[in-house]
Amino acid sequence: MGDKRPAELLEAANMERTMKRPFAGIQWKGTDVCMDVHCDCGEEYHVDGDFVYFVKCGHCGRTFYCGSRIELIEMACEQESCVATGEVWAVNEERDQVSRCAE
Ligand SMILES: [Zn+2]
């Protein structure tokens with residue numbers, strides 16, 4: 001994130017909206033999470049817990065917002081199982097309208 005560090009949760013969440021596509025946004029909803037954290041100081045640690053909106057590195061002492069964004073990596077072929085198909089939102093209708101107008 002460079003020098004532009006957010007001061008609070010909503011500011012951090014808004015920063016995610018400017019990042020490159022494709023991506024997905026996790027709705028944390030305060031539920032239990034289990035994750036492996038890879039800090040840019042080189043430390044790696046494991047976290048388990050509810051309401052984990054921030055993590056603090058035990059090595060460098062910095063605190064990080066747990067972004068909702070996860071990178072989506074396109075597959076070369078269809079997958080047989082564990083695939084969720086999303087519902088189309090109104091946002092996509094607007095996108096399709098824009099591409100029709102451009103034709
Ligand atoms: Zn660290």
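Q: Which residue of strand 3 is the bridge partner of His 38?
A: In this predicted model, His 38 is bridged to Glu 44, a residue of strand 3.

Q: Which residue in the hairpin of strand 2 and strand 3 takes a positive phi?
A: Gly 42 does, with a phi near 105°. The hairpin has five residues between the strands.

Q: Why is Val 37 called partly exposed?
A: Val 37, which belongs to strand 2, has 15 other C-beta atoms within 10 Å. A residue is buried at 20 or more and exposed at 12 or fewer, with partly exposed in between; Val 37, with its 15, is therefore partly exposed.

Q: Which residues does Val 37 touch, not counting residues up to four places away in sequence?
A: Val 37 touches Glu 44, Tyr 45, Val 47 and Val 55. A contact calls for C-beta atoms within 7 Å. As for Cys 57, its C-alpha lies 8.7 Å from that of Val 37, and the two residues are 20 apart in sequence.

Q: Why does Phe 54 count as exposed?
A: Phe 54, found in strand 4, has 11 C-beta neighbours inside 10 Å. The limit for an exposed residue is 12 or fewer, and therefore Phe 54 is classed as exposed.

Q: Which residues is Phe 54 in contact with, leaving aside its neighbours within four places in sequence?
A: The contacts of Phe 54 are Thr 63, Phe 64, Tyr 65 and Cys 66. The C-alpha atoms of Phe 54 and Cys 66 are separated by 5.2 Å, although the residues are 12 apart along the chain.

Q: Is Phe 51 buried or exposed?
A: Phe 51 is exposed, because 11 other C-beta atoms lie within 10 Å and the exposed class extends to 12 or fewer.

Q: What makes Cys 82 an exposed residue?
A: Cys 82 has 5 other C-beta atoms within 10 Å. Since exposed means 12 or fewer, Cys 82 is therefore exposed. Cys 82 lies in the loop between strand 6 (69-71) and helix 2 (90-102), and has a positive phi of about 60° although it is not a glycine.

Q: What kind of peptide bond joins Arg 21 and Pro 22?
A: The bond is cis, with omega about 0°. Pro 22 lies in the loop between helix 1 (9-16) and strand 1 (23-25).

Q: What pattern does the protein chain follow along the sequence?
A: The order is α-β-β-β-β-β-β-α, with two helices and six strands. Of the contacts with a separation of 6 or more, 35% are between residues 24 or more positions apart.

Terms used
Residues numbered from 1 in each chain as written. Predicted model: local features only at pLDDT ≥ 70, side-chain atom pairs only at ≥ 80, totals over all residues. Pairing = 2+ DSSP bridges. Helix = DSSP H or I, 4+ residues; strand = E, 2+ residues; numbered from the N terminus. Contact = placed C-beta atoms within 7 Å.
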